[in-house]
Every structure is written in C-alpha cells, then in structure tokens.
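Please view the sequence and the structure before reading on.

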Amino acid sequence: MSIEQVIHSIGQRARQASAAMGRANTGAKNTALLATARLIRQQAAQIKAANQADLDEAKAKGLEPALLDRLALSDKAIDTMAEGLEQIAQLPDPIGEMTDFKNRPSGIQVGKMRVPLGVIGIIYESRPNVTVDAAGLCIKSGNATILRGGSEAFRCNQVLAKLVAQGLEEAGLPAAAVQVIDTTDRAAVGVLITMTEYVDVIVPRGGKSLIERISREAKVPVIKHLDGICHVYVDESASIDDAVRIADNAKTHRYGTCNTMETLLVHQHVAKPVLSALAAIYTAKGVELRGCGRTLALLPKAVPATEEDWGTEYLAPILSIKIVDSLDQAIEHINRYGSHHTDSILTGNHQHAMRFIREVDSASVMINASTRFADGFEYGLGAEIGISTDKIHARGPVGLEGLTSQKWVVFGHGEIRQ
C-alpha cells in the first residue's frame, strides 16, 4: 500500500471509532483511562528501554540538547503520564452538558449542548508524553485521534500506543479511537493534514518550521502556536526577593519549553538590585545575557542585544534583558515583540496588575508567578493537547473543553413559526 492508502485507511478507522466514542458513557471512558494508567506503571521498564533506544539514536544523529531534553523520560515523567490520565478520569465529562437555556416568546426553549469535535490529528516532535496526554484528553472528550509523533521518539511512541489500545479494549471501546502512525515518512503528514473527509481538526506541537508548514499546507482547520516568546516584567513596586526567585525559575527551570521566559523587562527604579542579583545566578548557571544599553551599563559582561533578539525564542540558556521606564513601555514591548503565549508581571501595585492582564494580548497573563505555570497540568486540566495562541475556538492550554464544540438544541411542545 502507498503512504496515502495507509493514512486514508487509518482515517477511515478513526472516523468509525469516533462515532462509538461520541456515544460512549463516562464510566467506559474513565475505565479506559485508568486501565491505561495502570498499564503504563506496570510496563515502565519497557517504556524506559524504548525511550533509551530512541535517545541513543538521537544523540548519535546529533539532536540538539533542547530536543534531547524533551525526548527523555525519567521515572518521574512516566509516573506523571499515568497521574495525568488519573486526573483526567476525575474531571467532569463535558460531553452532553447542556447550558444557556432561554425561553423564547414563541414557546420554544433554546440552549447549547457540548459535543466532541470528532477526529483530531495531532502532529508533534520529541516528547513521547504527548502520546499519552493527547490520547487521554481525546478519550475523555469523546474524540478519536490520529497521532503522528516525531521519528526521534518512534520506538517509545509505539510502545505507548499499544498500552493505550489495550486500555481502550479493556473498557469495551474501539482500539482505533487512538492510532499512532507507524511510519516516519514525512509524506504521511502531508496526507493527514488534507484528509478533510476523515479529520476534523489538526493540532501541531513542535518547532516553528513544522507549524509553519502545517499552517501553510493544511486543508483541515489547525489549532496552533508558532513561538513561545514569553516575558517577565519586574515593576517598580515588586518585591525584589520574589522578583529574583521568579525570574530565575521562569528562565532556568527548563530551557527547552514554550513557557520559558525569553525576555526580562525591568523597571528602571529597581533595575540595579534586581539585575545584580539575577546576573550572579544566571552566570553561575551558564546563561548568556543579552541586554539593552542601560542593561550593559549595569552588567558589563552582558552582550549587546540586537533587534532580532527581542523577537527570538531561544529554547536555550540565553536571555534578553531590557530596562524600561514604565508599565506602558513594558506592555508596548510585549505586544510588539511577544508571541501572545504567556507573559507575567511582578508587582505590588494592584492597578498595574489589572492593567497588565487587561492590556497584554496573550493567551496566558500572570501576576506574581513564573511563566512556567502555563501548562495544562498546572492549570488543573489533567493534561494538555497543546497551547493555542489563536483567538478562535481555543486559546491557551487546550484541555477537554478545547477539544469540544457546542451545538444548538431546541426543545419544543408542538410550536410552529408564525
């Protein structure tokens, strides 16, 4: 069979399975989730062995450190995958929920019902945990999904796919509700993103080049974000100790994630104490600092920042720093150079905090917290299928509700329109 025939066959099975998932009851879906969580814990050694084989090959091919970090699965990461499924099982089932009912003068009642999207295609790189997170969210939201992981995680993804299929079968649900494409041929992606007869939405998770390609070539609607150019702004009224602790965490907790701070903005009145303390921390951790002219006056070991730096997602131990005169200047900078992903203000001024969250045009805006919290697990979604910087349908971490739609429902008692 050709690649096109293989992917179309997967699409046909997914479409058939989506009907069964759409009518599945909450108990069956939760059984599948909990069974898969149990299997992941039981087969942790097998998962780690497959992951290690993937890592060894990726290192031999010279994969970048940021991608190796995303690829690696620790014991804690495996347990977190299982815990995520258990959390999803505890969440309310959104499917069938009816809301917003109004009585109309004609006598009819009009409201909305939450329903699955249908078949979701998910294309991602490196992180094998996405296989489990995406499967869990799609199962609970009554969708079928077709997963296309990166070639660097091929072995691990295949092991995880078998465990998910076994969990579905234990619950009496179709194993085809979650299918992982078992080829690394890039042509598979081209077929998947144009199969409008079988796929209802595409969610890409990966590098900018992948997402740009999918956005350009897809015929199926796409939920996406291109960059994670995240900012932390230290206001003049911020606690210095808190600012140093939070800015350190936002940058150095992990370098290769889309919610990592890439630009630090500091009010001129607190720049000296904040940057002096942070520079020592960042230098000790090997972070390269690139600053504006005023930053260089305080931190002579920093490198001059270019115009390009302000709009760059490094995914590496590199940080851009700019000293600003005001909250207005900080907001203007973020809205100009940011990617509308996640931005945080550190402040003791309530009015400044409220202005920041109203005026910064990002999917997540934060007050006195690290940007690293912009995550479905941390937001209580159980897991996330991705983060959207789009403004239509889903925005920010996409959990259960983001994988559903609403349709209008009308209850009548024999009324006819006059």
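Which helix gives the most to the lining of the largest cavity? Helix H7 (residues 154-170) does, with three residues; helices (H or I, at least four residues) and strands (E, at least two) are DSSP runs, numbered from the N terminus.

The model is predicted: local features need pLDDT of at least 70, side-chain atom pairs count only at pLDDT 80 or more, and totals for chains, interfaces and linings use all residues. Residues are numbered from 1 along each chain as its sequence is written, and side-chain values use heavy atoms, leaving out hydrogens and water.

On a 1 Å grid over the protein atoms alone, a cavity is a set of points where a 1.4 Å probe fits but cannot get out, a pocket is an open set with protein on both sides within 12 Å along at least five of seven lines, and lining residues have an atom within 4 Å of a point. Points are joined across faces, edges and corners, and a volume is the space filled by probe spheres set on them.

| Space | Volume | Element giving the most to the lining |
|---|---|---|
| Largest cavity | About 60 Å³ | H7, three residues |
| Largest pocket | About 960 Å³ | H5, five residues |

Of the 30 residues lining the largest pocket, Thr80, Asn129, Arg254, Arg372 and Asp375 are the closest to its centre.

Arginine 372 lies in the loop between strand E13 (364-367) and strand E14 (387-388). Its side chain makes a polar contact (N or O atoms within 3.5 Å; within protein, one must be able to donate a hydrogen and the other to accept it, and residues adjacent in sequence count only if both atoms are side-chain atoms) with the side chain of histidine 253, at 3.0 Å.
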